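Here's a quick briefing to read with the model open beside you.

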Amino acid sequence: MAYQAEISRSNPSCFLFLIDQSASMADPFGTGDAKKKKADGVADAINRLLQNLVIKCAKAEGVRDYYHVGVIGYGKDVGPAFSGPLAGKTLVPISEVAEMPARIEERTKKVDDGAGGLVDQTVKFPVWFDPVANGGTPMSQALMRATSVIKGWLTDHPDCFPPIIINISDGEATDGSPSALTDALKKLSSSDGGVLLFNLHLSSTDAAPIQFPAHEEGLADKHAKLLYAMSSPLPDYMRTIAAQEGFNVDEDARGFVFNADIVSVIQFLDIGTRPSNLR
C-alpha cells in the first residue's frame with residue numbers, strides 16, 4: 001500500500017513549497033482579512049509552519065533530519081526563496097533550518113489575562129522567508145524547477161515517503177499552461193508512491209473557500225478547474241486528518257483549496273504537512 005514508508009533520519013522525506021510572488025500578491029485577502037496582504041499572510045504561514053516542523057523534529061539530542069525543506073518563489077524571478085544564511089539553497093535539512101533563521105522578530109499576541117480579559121504578550125517569531133510581490137506569475141517555470149529538484153531528491157532517496165509539493169498562488173500562470181508540467185511532476189515516484197502536488201488558490205473576494213473538493217462541479221471558472229485537475233488526490237491518512245479537523249471529505253477528495261482566506265491557508269498547510277509514519 002502506498003504512502004506507508006517510515007520517515008526517519010536514514011529515510012527522510014521532503015516538502016517543497018512553490019510561492020507566487022507576483023505583483024498581485026500585494027493585494028489584500030478577501031473581506032475577512034482586508035488588512036492583510038496576501039504576500040504577508042503567506043510568509044507568516046510558511047514561517048509558522050517551518051517553526052512547527054522544527055519543533056516536531058526536536059529531540060533531546062537536537063533536531064533530527066526527518067525532512068528536507070525548500071521554498072521556490074516565482075514572480076519577477078524564479079528560484080530559491082529563503083532569506084538570510086539559507087538564501088540560494090533549494091532543499092535544506094530541517095536541522096539547518098532550525099539553526100539558520102534570517103532573524104528573530106518580536107511580535108505580540110493576545111492571551112487570556114485570567115480575569116476574563118485579554119492582554120498583549122511578546123513572543124519570538126523566527127523568519128526564514130520574506131514576503132515579495134513583483135512581476136508576473138511564471139508558474140510553469142516554477143513547476144519545471146520543482147521537477148528538476150524532486151528528480152534529484154528521488155535519485156538519492158528512492159524509498160522515501162513521497163515528496164509533497166504545495167503550490168500557493170492567487171492567479172493564472174503567465175508563461176503558458178502548466179498542465180503537462182504538473183502531469184510530469186506527479187508521475188515521479190518513490191517505491192512508496194507518487195509525488196503529491198497540492199494547490200492553494202488565494203482569494204481576492206469574500207466568496208467562501210472551497211476546500212478539498214472531490215469534483216470540479218461548483219468551481220467558478222476554467223482557472224479553478226485547472227488547479228483542481230492539477231492537484232493530487234488526498235492519501236487515506238490525510239483524508240482521515242482532514243475529517244478529524246471537521247472537513248467533509250470523500251474518497252476522491254483532492255489536495256486543493258479555492259478562494260482560500262488566511263485561516264484556510266494555515267489549515268491547509270497543517271493538514272498537508274502532517275506526518276503519517278514519523279519515527
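Which residues touch the most other members of the largest nonpolar core? Among its 54 residues, they are Phe-17, Ile-46, Ile-164, Ile-168, Phe-212, Val-265 and Leu-269. A nonpolar core here is a set of buried Ala, Val, Leu, Ile, Met, Phe, Trp, Tyr and Cys residues joined through side-chain atoms within 4.5 Å; buried means under 20% relative accessible area, exposed over 50%, and partly exposed in between, with a 1.4 Å probe and protein chains only.

Some ground rules before the details. This is a predicted model, with local features needing pLDDT of at least 70 and side-chain atom pairs counting only at pLDDT 80 or more, while totals for chains, interfaces and linings use all residues. Residues are numbered from 1 along each chain as its sequence is written, and side-chain values use heavy atoms, with hydrogens and water left out.

- Helices (H or I, at least four residues) and strands (E, at least two) are DSSP runs, numbered from the N terminus.
- Leaving out neighbours within four places in sequence, Phe-17 has contacts (heavy atoms within 4.5 Å) with Ile-46, Leu-49, Val-69, Gly-70, Val-71, Ile-72, Ile-166, Leu-269 and Thr-273.
- There's also a second, separate core of 26 residues, with Ile-150, Cys-160, Leu-227 and Phe-258 among them.

**Buried spots in the helices**

- Asn-47 sits in helix α1 and is buried, because its relative accessible area is 1%. Apart from residues up to four places away in sequence, Asn-47 touches Phe-125, Pro-126, Val-127, Trp-128 and Phe-129.
- Ile-94 belongs to helix α2 (residues 94-99) and is buried too, at 0% relative accessible area. Not counting residues up to four places away in sequence, Ile-94 touches Leu-53, Val-54, Cys-57, Val-63, Arg-64, Asp-65, Tyr-66, Tyr-67 and Val-69.
- Gly-136 is 42 residues from Ile-94 along the chain, and their C-alpha atoms are separated by 30 Å.
- Helix α6 (residues 236-244) has Tyr-237, Met-238, Arg-239, Ile-241 and Ala-242 buried. The buried residues of α6 pack against β9, β12 (196-202) and α7 (262-272).
- After α6 comes Gly-246, with a positive phi near 100°.

**The largest pocket**

- The volume of the largest pocket is about 170 Å³. On a 1 Å grid over the protein atoms alone, a pocket is an open set of points where a 1.4 Å probe fits, with protein on both sides within 12 Å along at least five of seven lines. Grid points are joined across faces, edges and corners, and the volume is the space filled by probe spheres set on the points.
- Its lining (residues with an atom within 4 Å of a point) is made up of Asp-44, Arg-48, Gln-51, Arg-107, Thr-108, Lys-109, Val-123, Lys-124 and Phe-125.
- Elements giving two or more residues to that lining are α1, β7 (103-112) and β8 (118-127).
- By class, the lining holds 2 nonpolar, 2 polar and 5 charged residues. Ala, Val, Leu, Ile, Met, Phe, Trp, Tyr, Cys and Pro count as nonpolar, Asp, Glu, Lys and Arg as charged, and the others, Gly among them, as polar.

**Salt bridges**

- The count comes to 12 salt bridges, each being a side-chain nitrogen of Lys or Arg within 4 Å of a carboxyl oxygen of Asp or Glu.
- Glu-61 and Arg-9 pair up at 3.5 Å, N to O. Glu-61 is in the loop between β2 (58-59) and β3 (62-63) and Arg-9 in the segment before β1 (13-20), so the pair ties together parts 52 residues apart in sequence. Glu-61 is exposed, with 51% relative accessible area.
- Lys-38 and Asp-170 form a salt bridge, with their closest N and O atoms 3.0 Å apart. Lys-38 lies in helix α1 and Asp-170 in the loop between β9 (164-169) and α4 (179-187), so this pair ties together parts 132 residues apart in sequence. Both Lys-38 and Asp-170 are buried.
- A network of salt bridges links Lys-36, Asp-44, Arg-103, Glu-105, Arg-107 and Asp-130.

**Strands β7 and β8**

- Lys-110 and Asp-120 meet in a salt bridge at 2.8 Å, N to O. Lys-110 is in strand β7 and Asp-120 in strand β8, 10 residues apart.
- Lys-110 counts as exposed, at 57% relative accessibility.
- Leu-118, in strand β8, is exposed at 59% relative accessibility. Leaving aside neighbours within four places in sequence, Leu-118 is in contact with Lys-110, Val-111, Asp-112 and Asp-113.
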